[in-house]
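This report walks through one structure for a reader who has not seen it before.

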Amino acid sequence: MASVQDISVSASINLLSALAFLLAFAFLRIQPFNDRVYFPKWYLKGIRASPRRSGPSVRKFVNLDFRTYIKFWNWMPAALRMPEPELIDHAGLDSAVYIRIYLLGLKIFVPIAILAFAILVPVNWTGKTLDDIKDLTYSDIDKLSISNVPSGSKRFWAHIVMAYVFTFWTCYVLYKEYKIISTKRLHFLASANRRPDQYTVLVRNVPPDPDESVSEHVEHFFCVNHPEHYLTHQIVYDANKLAKLVEKKKSLYNWYTYYQTRYERNLKNRPQTKTGFWGLWGKTVDAINYYSEEIEKTSEEEAAEREKVMSDPKSIMPAAFVSFKSRWGAAVCAQTQQTSNPTLWLTEWAPEPRDVYWDNLAIPFVELNVRRLLMTVALFFLTFFFMLPIAFVQSLASIDGIEKVLPFLKPLIEAKVIKSIIQGFLPGIALKIFLILLPTILMTMSKIEGFISLSYLDRKSASKYHLFLLVNVFFGSIITGAAFQQLHKFANQAPSEIPKTVGVAIPMKATFFITYIMVDGWAGIAAEILRLVPLIMFHLKNTFLVKTEQDREQAMDPGSINFSVSEPRIQLYFLLGLVYAPVTPILLPFIIIFFTFSFVVFRHQIINVYDQKYESGAKFWPDVHRRVIIGLIISQVLLMGSLSTRDAPKATPLILVLPVLTIWFHQICKGRFESAFVKFPLQDAMVKDTLERATEPKLNLKVYLQDAYVHPVFKGIEFERPPVIDEEENNPLVSTKRNSCRGSKTGSIGSPDSVVCITE
């Protein structure tokens, strides 16, 4: 178990690491040759010009203005200077609201920390119970926890009262924030510029028709059922194989450019490569000729596959992007059931074009439930078996455990400095290493499940990661850690005494989580701003692949907020803060430092670096709210369990009220605000449509929308589109192979006199 000295050593290591990362960042960011690495967003907006274009040759690479080195910390106030409305215009609502998650953490935990240190820390410190328990492993930090309060003591009333105060304050802040975010979302949607997704719905599970193609069937259906609002549609192709060929060709061209550049720099030696995997083995050949031939061969395969996709009816999926003449028409279609059979003609709002995950649109709808069931089972087993590395990490937190496994290291481990490093630093870094590959695995599982937008993939992966952190990192660390630390006492006491020992031991895991917070939340965030990997990759590409200014633009890797990883990580800190606030308040300052530092760092990154892949209008906020509520309920239940082992029977019914009130509060917030994140109000849609018709009466919406949802591999290629029917020269018939939709005064689906589809 980590002592005060071990925590101090860990804090020193992580603070020095964070400071080193920040100093390196402050130096590298002001060098002209790194300008595109640390300010790519401004280049993408066309606002910033390269400082290497003019001036002496040395100044193109090295900053010789020594005044900038003195003011190397000015990036921090600069990151806080941009007002939030300007930040939303600059980076989007998703980015601005993501920053507010850190601000939410500060709003919740700063007042809680003040109260906890003013009331609970003195109550715990003066309890002096741990000194009287024999054979119990503890440190001076544990004397600040609830474990140090005598069983049956009236001091527990302080913890009960503070639990109520913490709960009410957290709910108040959550309610105010939910209200602010929902208002910002509605305002953002109402004031947003015209986007294709405002007029478009995604239709899935189109039933087969023996007389019509999918395209004709879609047109027929919407002409009949939405005659006044339907505009055009784009069918969905299974172009996954073609997309892989396009990516392969792009990769081959990059290698060709690399070897061509090498040859131009040294004309005496033709570069060689091997034909095997990554050029590591196989026959040695001329690299330029080899990649030139591979590009030509791949181009032929691409052309053949493109022709096959466009001509083969089997490549057409039973789905389509359907666009309407107004936002109101799209809102009605997206938010209503289209037929009496709820499994056919399923409609939902289309993601914005850059948010579409095209690979999953080719998955047959009937497969989705099977895929999701399989991934649910896989997630269960992944979560269960990952307990093994978590148990290993907890064994590292116990010196006795390491000495039993590796007895020959005992003389080294017992050294004072080494012991402090092992107990104060190693467990946190080991857990961080074990979690590196997990987000990639969870994202792959979400893709297999078949979700069709990048934003939804991020949200579903975040949900899985949150569950994993909750079960394995939090509960797994507590359970296995308590077992390791109190193994001797577990084995030699009466079974009736074990729950009491566990109740005392659980708060003691605060020391492990403190070390993890410092590794992940201090040094880890500082490493984020340094951008070491993008820095190296940019200079490698700039050296070997870049020939034109356009190549240099493509070599930039601005990245984006990795919501599927970062949001669950934030939720772990919310959980730790809420759980340990009434139990071991010493954890709170470390969490507050994390939220403060992260707020500044990510605000800087959003302003200067990140270029978001999509804009969902903060659609993720209900998930954020719900997970904080889950953390709050867990904290209440654990506090109730902890007090029940300390002869405080009156505490159980008093604490039991809190989860009930919290769930009731969540239902109120859900009913009050969640609809703003799920549905688009028809009133707002009509207002925007009316304003658009008044300000742009000659807008040709069909031209604007016709290529918006064409698969990226088909951009610039002509498609067979629905014919335009002239209302004055043609009979009011739907242009299909069958005549089931004639204008008739006897009535049919839609208006009785005009069941006509005009595609303008």
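S95 counts as buried, because its relative accessibility is 2%; buried means under 20% relative accessible area, exposed over 50%, and partly exposed in between, with a 1.4 Å probe and protein chains only. The model is predicted: local features need pLDDT of at least 70, side-chain atom pairs count only at pLDDT 80 or more, and totals for chains, interfaces and linings use all residues. Residues are numbered from 1 along each chain as its sequence is written, and side-chain values use heavy atoms, with hydrogens and water left out.

S95 sits in helix 7; helices (H or I, at least four residues) and strands (E, at least two) are DSSP runs numbered from the N terminus. Contact means heavy atoms within 4.5 Å. Not counting residues up to four places away in sequence, S95 touches I561, I606 and Q612.

Q554, by contrast, counts as exposed because its relative accessibility is 55%. The two residues are set out below.

| Residue | Helix | Relative accessibility |
|---|---|---|
| S95 | helix 7 | 2% |
| Q554 | helix 26 (residues 549-555) | 55% |

Q554 and K541 are 13 residues apart along the chain, and their C-alpha atoms are separated by 9.4 Å.

The largest nonpolar core has 128 residues, and Y98, L435, F595 and W621 have the most contacts inside it. Such a core is a set of buried Ala, Val, Leu, Ile, Met, Phe, Trp, Tyr and Cys residues joined through side-chain atoms within 4.5 Å. Helix 7 (residues 93-125) gives the largest share of this core, 16 residues. The core lies between domain 1 (4-194 + 473-679) and domain 3 (365-449), because both give residues to it; the domain bounds come from an automatic or database domain assignment. W621 touches V97, I101, L104, E177, Y178, I181 and F677, not counting residues up to four places away in sequence.

A second, separate core of 15 residues includes F221, C223, Y230 and A330. Helix 9 (residues 214-225) has 12 residues, and its buried residues are H217, V218, E219, H220, F221, F222, C223 and V224. These pack against strand 1 (200-204), strand 2 (230-237), strand 5 (316-324) and helix 12 (327-334).

Key: Expected span 1.5 Å × (residues − 1).
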